[in-house]
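The sequence and structure come first, then the text.

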Amino acid sequence: MDAEILRSVSRSFYLSIRFLPAQLREPIALAYLLARTTDTVADTAQISGSVRMETLKLLSNGIQGTASRDVVVELIASFVSLQENVSERQLLESLPDCLACLEGMEHADRNDIRLVLEKITRGQMLDLQRFDNPQEIRALSTAADLEEYTYLVAGCVGEFWTRLCFRHVRQFSSKTEDEMLALGKRYGMALQLINVLRDAGSDLRAGRCYFPEHELGAVHLTPSQILSEPERFQPIYRTWLENAKAGVMTGMEYSRAINNRRVRAATVLPALIGARTLALLKTAGPVALLQTVKVPRREVRKMVVRAIFTRSGGF
């Protein structure tokens, strides 16, 4: 697995992966690179949504082992030159190696990677269907739609992580596998919700509103009015901030139940970064829709130390 590509396409997840024992590092890193590859295809705006949809379907079939690897690689090659980011180009170019690595995985790990990628890709295709016109800001209909989205692109990752850890890490947790699967699912969903909150402004400018239409309607606000009237949007935004905060605390509970110190450190780090991101978003208020809010690198480095040397990251 190419560590340089992994580091270049992930600022924080790479930090978590470095903590993991070798038997976990490879399948988790591979699943992440494949997910980033499908995400890059979905986000290549220079190509029509319908073509991206068909490409995602074929790529998904290639990952599942039901389509020719050569055909998939040849199609994805047409997306490489369209990537403005060098790391994204290198990621797409690494697809043949990733697919070969997937074929070489042990049976159980390969099946789990395919299962989680099937769900992630389904979530990405739903996005392409729902937001097929960037000139028009569309909102998800209900809170259930947002829950479904956060599960498909991240909640299922919490389940994937849990299954791998119970299989590969001796005495992984003080809780049962079913308990950890439920906690991991909510944890993953919370981390994706934080992404939704952090990227709300840029998503709106791209025609995507993940906040439920029925909640906006209750305060007589349309998706297209959010950026021009951010104060009216704040009660809805703050409610979802609190929802994400509760999910992060679930992640803390998940992490505290892990017996292996290295895996515990890797698992709690996203929760620490997520909690700090939520605090910054809350402080920024309406301004968060106009600028990118990120945890500074120096703070992340401090969190890495906390994750290593405390049982629950200091919370």
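Phe-211 is in contact with Ala-139, Leu-140, Val-196, Leu-197, Ala-200, Leu-216, Phe-233, Ile-236, Tyr-237 and Trp-240, leaving aside its neighbours within four places in sequence. The model in which these contacts are found is a predicted one. Phe-211 also belongs to the largest nonpolar core, which has 106 residues; together with Leu-34 and Leu-197, Phe-211 touches the most other members of that core. Helix α14, residues 261-284, supplies the largest share of this core, 12 residues. In soluble globular proteins, nonpolar side chains tend to be buried together.

The protein as a whole contains 15 helices and two strands. Its radius of gyration is 19 Å, close to the 20 Å that the globule rule gives for 315 residues, so the protein is as compact as a globular protein of that length. Among contacts with a separation of 6 or more, 72% are between residues 24 or more positions apart.

Some values for the whole protein are listed below.

| Property | Value |
|---|---|
| Span of the C-alpha trace along the principal axes | about 55 × 50 × 35 Å |
| Buried residues | 52% of the 315 residues |
| Accessible surface | about 14,400 Å² |
| Share of accessible surface from carbon and sulfur atoms | 51% |

How many positive and negative side chains does the protein have, and how far apart do the centres of the two sets lie? There are 40 positive and 36 negative side chains, with the two centres 9 Å apart.

Methods
Residues numbered from 1 in each chain as written. Predicted model: local features only at pLDDT ≥ 70, side-chain atom pairs only at ≥ 80, totals over all residues. Heavy atoms only, no water. Helix = DSSP H or I, 4+ residues; strand = E, 2+ residues; numbered from the N terminus. Rg over C-alpha atoms; globule rule 2.2 N^0.38 Å. Buried < 20%, exposed > 50% of the residue type's maximum accessible area, 1.4 Å probe, protein only. Contact = heavy atoms within 4.5 Å. Areas by Shrake-Rupley, 256 points an atom, 1.4 Å probe, with all protein chains shown as cover. Lys, Arg positive; Asp, Glu negative; His and termini not counted. Charge placed at Lys NZ, Arg CZ, Asp CG, Glu CD. Core = buried A, V, L, I, M, F, W, Y, C linked by side-chain atoms within 4.5 Å.
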